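Thanks for asking me to look this over. Here are my notes, in numbered points, to read beside the model.

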Amino acid sequence: MAVVSSFHSALLPFSSPSIPIPILNPVNCEKRRRWTSYSTRLQCSSRPDEAKRISEQSSWESKDSEGKDYLYRLGQEADNMNIAVGARQGVIDDLFVGNFLGKDSDIVFDYRQKATRSFEYLQGDYYIAPAFLDKVACHIVKNYIAHLLNVKVPLILGIWGGKGQGKTFQTELIFRAMGIEPVIMSAGELESERAGEPGRLIRDRYRTASQVIQNQGKMSCLMINDIDAGLGRFGNTQMTVNNQIVVGTLMNLSDNPTRVSIGQKWRESDVVHRVPIIVTGNDFSTLYAPLIRDGRMEKFYWQPDHEDIINIVHQMYAKDGITRDEVIRVVDTFPNQALDFYGALRSKTYDQSILQWVNDTGGYEKLGEKLLKGKKDGQLSTFVPPKQSVEALLESGHSLVKEQHLITNSRLSKEYMKNIDD
């Protein structure tokens with residue numbers, strides 16, 4: 001009974017502040033006295049003549065110039081929600097920032113904010129076509145100094161041309177050379193099961209690129225790859241609501257590049273940096289015509305000439321010891337081919353070496369076990385790459401040309417590739 005009465009005595013102060021709180025543990029008496037004083041202040045805070053409430057001393061209830069508190073602003077600005085702020089040191093009261101997850105308890109903050117692309121994987125020297133470099137660099141610079149120019153500067157640069165001509169790769173090389181940290185999207189992100197989501201995503205990514213400029217002091221831009229695959233009309237395909245909203249979003253960005261909403265209440269001070277947009281595609285005639293008009297989009301048709309192809313392919317084969325004259329021989333043997341064809345030549349020369357490696361590993365029967373366990377344990381047998389030669393490249397090229405003829409002469413390919421001859 002003594003234990004029960006002591007337990008009830010410990011609970012009584014929360015309902016009646018006049019009853020003293022007993023010290024159950026004499027060793028921690030000082031700590032218990034502090035806790036007793038804190039509890040008493042909480043009880044008496046409702047009285048006007050007593051101490052000020054603890055919550056009124058918190059920054060959560062501090063008022064701004066308009067008399068709005070911090071929680072109100074979080075609700076109004078959807079881009080700055082509490083989930084994005086988290087328990088970050090210096091943002092909210094340090095009393096609530098513990099060390100058990102580090103000083104920043106929002107452990108996914110850095111991953112969620114990292115939407116930009118860096119190009120550390122592009123090691124070595126690559127050839128950048130001068131015409132391509134001039135067009136992309138000029139477009140980016142014009143948008144960054146648009147306020148100094150007395151002309152209409154299109155926000156979007158549309159790079160279009162045949163398949164496999166290196167439009168995306170050349171652009172990424174230029175980004176690396178100019179020190180640009182872009183935000184890159186693909187056509188697969190232009191459709192969603194929820195209406196309006198892709199349009200909001202574009203505006204969000206646009207604002208992210210603006211934050212890179214403002215917060216990191218780096219040049220940035222928004223790039224959308226293969227835009228005609230996501231927005232183009234092919235045959236009897238229908239336009240979806242998301243297609244219409246994405247087109248409208250890009251048109252609005254072109255007309256108002258510094259006022260971008262992602263759903264929050266408009267504020268006069270909410271002005272973002274002008275961010276140039278670069279899109280790539282194969283056929284811009286399938287896009288909505290007002291989007292690609294000259295005032296909004298500047299078009300650049302990329303078709304590398306013979307000299308560009310030789311320089312790009314030579315740089316591609318430089319690590320294999322293939323000379324420039326040998327590259328010219330390969331290119332002249334297979335004229336009118338896209339750049340990805342010459343990359344496929346090098347890839348196909350690895351086939352025989354890979355088959356030999358499979359036999360050395362133990363054959364097809366034990367291949368799955370060897371690949372999975374060997375890769376995990378680091379015990380895979382050493383792969384010896386083939387020694388590249390002009391003869392091997394020419395043999396691979398003739399094999400690929402034969403496959404192309406089989407594909408283009410089939411009934412199925414003719415149905416899907418009616419205009420390939422054009």
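1. A term to start with: buried means under 20% relative accessible area, exposed over 50%, and partly exposed in between, using a 1.4 Å probe and protein chains only. With that, N336 counts as exposed at 80% relative accessibility. N336 lies in the loop between α12 (324-333) and α13 (339-348), and its phi is positive, near 60°, in a residue other than glycine.

2. Some ground rules. This is a predicted model, where local features need pLDDT of at least 70 and side-chain atom pairs count only at pLDDT 80 or more, while totals for chains, interfaces and linings use all residues. Residues are numbered from 1 along each chain as its sequence is written, and side-chain values use heavy atoms, leaving out hydrogens and water.

3. D226 also deserves a look: its phi is positive, about 55°, although D226 is not a glycine. D226 sits in the loop between β3 and α9 (227-231) and is partly exposed, with a relative accessible area of 38%.

4. Now helix α8 (residues 197-216). Helices (H or I, at least four residues) and strands (E, at least two) are DSSP runs, numbered from the N terminus. The expected span is 1.5 Å times one less than the number of residues, so the 20 residues of α8 should span 28 Å; the end C-alpha atoms are 27 Å apart, which agrees. After α8 comes G217, with a positive phi near 70°.

5. The buried residues of α8 include I202, Y206 and V212. Its buried residues pack against α6 (130-144), β2 (183-186), β3 (222-225), α10 (241-255) and β4 (277-281), where contact means heavy atoms within 4.5 Å.

6. N243, in helix α10, is buried at 6% relative accessible area. Not counting residues up to four places away in sequence, N243 touches L190, E191, G230, L231 and Q238.
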